[in-house]
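Colleague: I'd like to learn how to read a model like this one feature by feature. Could you walk me through it?

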Amino acid sequence: MPSTICRQWLAPTLIIACMTAASHAVVVSADTNGGYGAQVMDIILANWTRPAGAKGSTSVLVRITNDGRPFSCELRKGSGNPAVDDAICMAVAKAGMFPPAPYAAPAEVALTFIYDDTAPAPAPAAPATPKTYADTLIENTRPHIVLPADLKGEFSAVLRLTVLPDGSLAEYKMEKSSGSPALDAAILRALFQPGSITPPPDNKQQDVTLTFSVNAN
């Protein structure tokens, strides 16, 4: 495809939920991974103009490095009009940079653009689940996680923290190891980076359970 940025493959990879854009640039499907898919879609839509006469739909897979650089835009389902399909990957290239991928791992984001002015308006999106204090700590910590170079497979680690009102840690415990001592150590190092632990809401001590999931295939 002429607008493909490159064919390089990086690992490990984090799979992000599929997002869909309607003809009027409205995201209509839910993003279940901390909002990263929605952020990527919003940036692409800001750099994309629907070509005149576009019909049908186009699906692409955008691969993004851990620091947010797109390195591949792969056509998965074409609309039948190469110029229409290429406009999406041209928008990816124009964007140039996205937010860092979750868990410091390269990401794959599946996107579908639908061109159908006669289609009914999409149903309103379900209300977003309020972000918890645990969600905030995970979002703060994961950009600091540096995955071991030889890590392969799927991993999940569970930490339990006691956070004092001023944001200092009174206690921390690895309740469930990922099975990789190197990954466990990387998560703990990230936890102690400046900005990872912020004061809990209402200045009240909190016991928090954090779950970190990594797909490093």
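**Reading the model**

Modeller: Start with the surface: the protein chain exposes about 10900 Å², and carbon and sulfur atoms supply 55% of that area. Accessible areas come from the Shrake-Rupley method with a 1.4 Å probe, and for residues only the protein chains shown count as cover. Keep in mind that this is a predicted model, where local features need pLDDT of at least 70, side-chain atom pairs count only at pLDDT 80 or more, and totals for chains, interfaces and linings use all residues. Residues are numbered from 1 along each chain as its sequence is written, and side-chain values use heavy atoms, with hydrogens and water left out.

Colleague: How many helices and strands does the protein chain have?

Modeller: Helices (H or I, at least four residues) and strands (E, at least two) are DSSP runs, numbered from the N terminus. Here they come to four helices and seven strands, in the order β-α-β-β-α-β-α-β-β-α-β from the N terminus on.

Colleague: And how do I read a sheet? What is the strand order in the open sheet of three strands?

Modeller: Strands of a sheet pair through backbone hydrogen bonds, either parallel or antiparallel. Two strands count as paired if DSSP finds at least two bridges between them. In this model the order is E6-E5-E7, with antiparallel pairing. Strands E6 (169-176) and E7 (206-216) are at the edges with a single partner strand each, so one side of each has no neighbour in the sheet. On average, neighbouring strands here are turned by 20° against each other, direction ignored. For such angles, axes are lines fitted to C-alpha atoms, for helices over the stretch in contact, and angles run from 0 to 180 degrees between N-to-C directions.

Colleague: Which residues can I click on to see the pairing of E5 and E6?

Modeller: Strand E5 (residues 153-163) pairs with E6 over six bridges, in the antiparallel sense. The E5 and E6 hairpin has five residues between the strands, and Gly167 in it takes a positive phi near 90°.

Colleague: Which helices lie across these strands?

Modeller: Helix H3 (residues 133-141) lies across E5 and E7, at about 45° to E7. Helix H4 (residues 181-191) lies across E5, E6 and E7, at about 40° to E5.

Colleague: Which residues of the largest nonpolar core touch the most other members?

Modeller: In soluble globular proteins, nonpolar side chains tend to be buried together. Buried means under 20% relative accessible area, exposed over 50%, and partly exposed in between (1.4 Å probe, protein chains only). A nonpolar core is a set of buried Ala, Val, Leu, Ile, Met, Phe, Trp, Tyr and Cys residues joined through side-chain atoms within 4.5 Å. The largest one has 26 residues, and Leu137, Ile145, Leu161, Leu210 and Phe212 touch the most other members. H3, E5, H4 and E7 each give two or more residues to this core. A second, separate core of 25 residues includes Trp48, Cys73, Leu111 and Tyr115.

Colleague: What does Leu137 touch?

Modeller: Contact means heavy atoms within 4.5 Å. Leaving out residues up to four places away in sequence, Leu137 touches Leu161, Val163, Ser196, Ile197, Thr198, Val208 and Leu210.

Colleague: Is Asp202 buried or exposed?

Modeller: Asp202 is exposed, with a relative accessible area of 65%. Asp202 lies in the loop between H4 and E7, and its phi is positive, near 65°, in a residue other than glycine.
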